Every structure is written in structure tokens, then in C-alpha cells.
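I opened the model to look up a few local features. My notes follow the order in which I checked them.

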Amino acid sequence: MLSENLQEELISKNNISFWKTWKNKVCNKPGTKIRLQDNPSPEVAAEKFAEYFEGVCSPNSSEFNIKKIDEFNEKIKKYSGCTYNEKYNITVQLIEQSLTKMKLGKSSGFDNITTEHVVHSHPVIFTLLTKLFNSMLITSYVPQDFGRGITIPIPKNDKLQGPQSIDTFRGISLSPILSKLFEHCMLIRFSKFFLTSYNQLGFKPKSGCQHAIYTVRKVVDYYITNNSTVNLCCLDISKGFDKVNHSVFFLKLMKRGAPSVLINLLYYWYSISYNCVRWEDVLSRPYQLLAGIRQGGVLSSVLFSIYINDMLDKFSRFGCYFKGIPVSAIMYADDIILFSPSISDLQNMLNI
């Protein structure tokens, strides 16, 4: 049976399916099934994971959250922002361009639709999606299913010896493919409102971890060569993804002058965002994402960068300079390295 599956994929010249079958059937090691503490049933485990992730994706301070919700609701009533016009309309060409950015061979969400379904559909689908996406933008509305996600618990520790605790897992989320396609279109159309500091080297095209490492090395070498000390502080704010206050980044988009239709659309989208946990083919109850960015969403990483962008701007008042350019902080995704020629400046940066 295995050889027949591999032969079919090889004959059809489907490289992705071939290697996916190979990894699933050949490369999996026996005895790697994850065991949880107290050995719960799949149904109980799924509910426990849902309870855990629901707590993770909740505001740190209910008082602060309510305050910001009230502030946003008050300001959005009087907000106009950049005028929405035809230049922001989504076209067939834009959808085709966005589709090329989506990877094949990825798991589907609740709708069981994959990228391959769209790629191999009749060309009329692009016309239909164009009308649908433009209607959603104009009305600041998305279908309910666009807010539904499936969270898959993944162990943080590669060594799976013995029973594992629920809190040693992180979640990766699967979103509907059509919602991702829509987000890719938005990312291109509204790109000028999503610009962030050049010191953030993550979540950007043609920029990767190697660029961040190179930049850090050049800054350090520059100060050492000029007989100066340089102090570094490494910070990991990975938990910040789950604690982003929704109203705060809506307010930040307002400061950037983003069209009101875009802000209202994102506001509605996050208000209907729910996830379920899948554990051994069992789905938990849905839980609402009251804080944090939508994992699995294309726009999520960009919104996180916008959320913390003001912090990078504040850091530029302290720390190091490289040939007149402030490089007090270099960030790649959720990892930050602070630079300062003195300990006192470094402490000032940490107190921001």
C-alpha cells in the first residue's frame, strides 16, 4: 500500500505530496505518541487544552482592557481617516498575485479547503472572490467562519520522555484558506499603513534571521574597533503575541490614518474570533480570543509589529548609533537585542 501511494504521487509529479507521504510513512519514529499527565481521554484533554489556551489569550488587566475599549469606541465615532476609494479595491490580478504567496501542502481549517482547491478551481472563482472581498471591505464585514480557527497543541520540549503537562505546550492555529487569501490582498493594498521600524527585521520580505545576525555583528564590531564598550541585553517577548490588547492596536492604526473601513473590519473580525483545540481528532468547545493576535492569520505578524513599533522608536533615544543611524535595538520577530555603550543607558531603556 505504501509503495502504491508513493508510486502514484511520483507518476503524477506531485513533489509535495510525494515527500509528505514519505515523511509520514517512512520517517516517523515508533513510540513517539505524546502522553499527558493523569492520562486523560482525548475528550477531556481537548477541554483542558481549551481552558489553558483560553487563559493564555486573555487580557493581563481587565480594568486596562475596559478602559481601552471605551477609548476606542469613543474615538471611532468621530474618526474618518484616509478616504476609502477605488485604489483600495481588490482586483482579479491582486488575488492571483496573493495566491502565489500561499504555500501548498498545508493543512485545512474548519472548511476543509486547501490552497490546492483554489489553485485548481475554474478561473471564474477569481471573479467571484473579487466581488466577495470588495463587498467585505465596503461593509467592514467578514463571514463568521473567517473567525473560526483550530488550535493544535505542540510540545515546547523536543524530549518527550514521560507524561507531559498541559502548560508545556504551545498552540499553532489553522485558519480558513480563503481568509488567508483575503489577508494577503489586504496586506498589499493597505501596505503603506503597515510600515514599521527598519530595526524590526522580522515579518518583512527579503529580510531574515541572517540579516539580523549580520546587523548585530556589525554594530558590535564597529564599537570594539573604535575602542568603545558595548553592552547587550537580550529579551524574548514571545508571550506578547498572546497578550496584545486589541483596542490598542486599533488605536495605533487610527494614528496612522488607516481608512475607517479597514479598522472597523478588523474590529469586527476580532470580535468573532474563536478557536477550538484539536487533540487526537477530537475538537474542544470554542473559546473566544479576548487578547492576542490571531495565530495563523497573515496580518497577525504585521499587527504585532505595529503594536510594538512605538517601543522601538522610544529605544532610539538611547543606546548606540552606527554611522549616525540609531541602532539601540534590533528586533527579529519577538526577539530583541538592546545595545548601549553604558550600563546606565541600558537601564534607562529597560525602564521605558
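These entries cover a sheet, some helices and a few single residues.

**Ground rules.** I am working with a predicted model, in which local features need pLDDT of at least 70, side-chain atom pairs count only at pLDDT 80 or more, and totals for chains, interfaces and linings use all residues. Residues are numbered from 1 along each chain as its sequence is written, and side-chain values use heavy atoms, with hydrogens and water left out.

**Sheet.** I looked up the strand order first. It reads β3-β10-β9, an open sheet of 3 strands with antiparallel pairing. Strands are DSSP runs of E with at least two residues; helices are runs of H or I with at least four, and both are numbered from the N terminus. Two strands pair if DSSP finds at least two bridges between them.

I then took the pairs one by one. β3 and β10 (residues 335–340) are joined by 6 bridges. In that pair, Asp 236 stands opposite Asp 335. β9 and β10 share 4 bridges and run antiparallel. There I found Ala 329 opposite Leu 338. The hairpin of β9 and β10 has 2 residues between the strands, and Ala 333 takes a positive phi near 60° in it.

**Helices on the sheet.** Helix α9 (residues 209–225) lies across β3, β9 and β10, at about 165° to β9. Helix α13 (residues 343–350) lies across β3 and β10, at about 140° to β10. Axes are lines fitted to C-alpha atoms, for helices over the stretch in contact, and angles run from 0 to 180 degrees between N-to-C directions. Contact means heavy atoms within 4.5 Å.

**α4 and α11.** The axes of α4 and helix α11 (residues 260–271) come within 11 Å and cross at roughly 145°. I noted Phe 72, Asn 73 and Ile 76 on the α4 side of the contact, and Ile 263, Asn 264 and Tyr 267 on the α11 side.

**α5.** Which residues of helix α5 (residues 92–99) are buried? I listed Leu 94, Ile 95, Ser 98 and Leu 99. They cover an arc of only 135° around the axis, which puts them on the same side of α5. That arc is taken from the directions from the helix axis to the C-beta atoms. Their cover includes α6 (115–119), α7 (124–139) and α8 (177–189). Buried means under 20% relative accessible area, exposed over 50%, and partly exposed in between (1.4 Å probe, protein chains only).

**Loop between α8 and α9.** I checked backbone angles here. Most residues other than glycine have a negative phi. Phe 203 sits in this loop and has a positive phi near 60°. Its relative accessible area is 34%, so Phe 203 is partly exposed. Lys 206 is in the loop between α8 and α9 too, with a positive phi of about 60°. At 85% relative accessibility, Lys 206 is exposed.

**Ser 58.** I found Ser 58 in the loop between α3 (42–56) and α4 (62–78). Leaving out residues up to four places away in sequence, Ser 58 touches Asp 242, Lys 243 and Ala 291.
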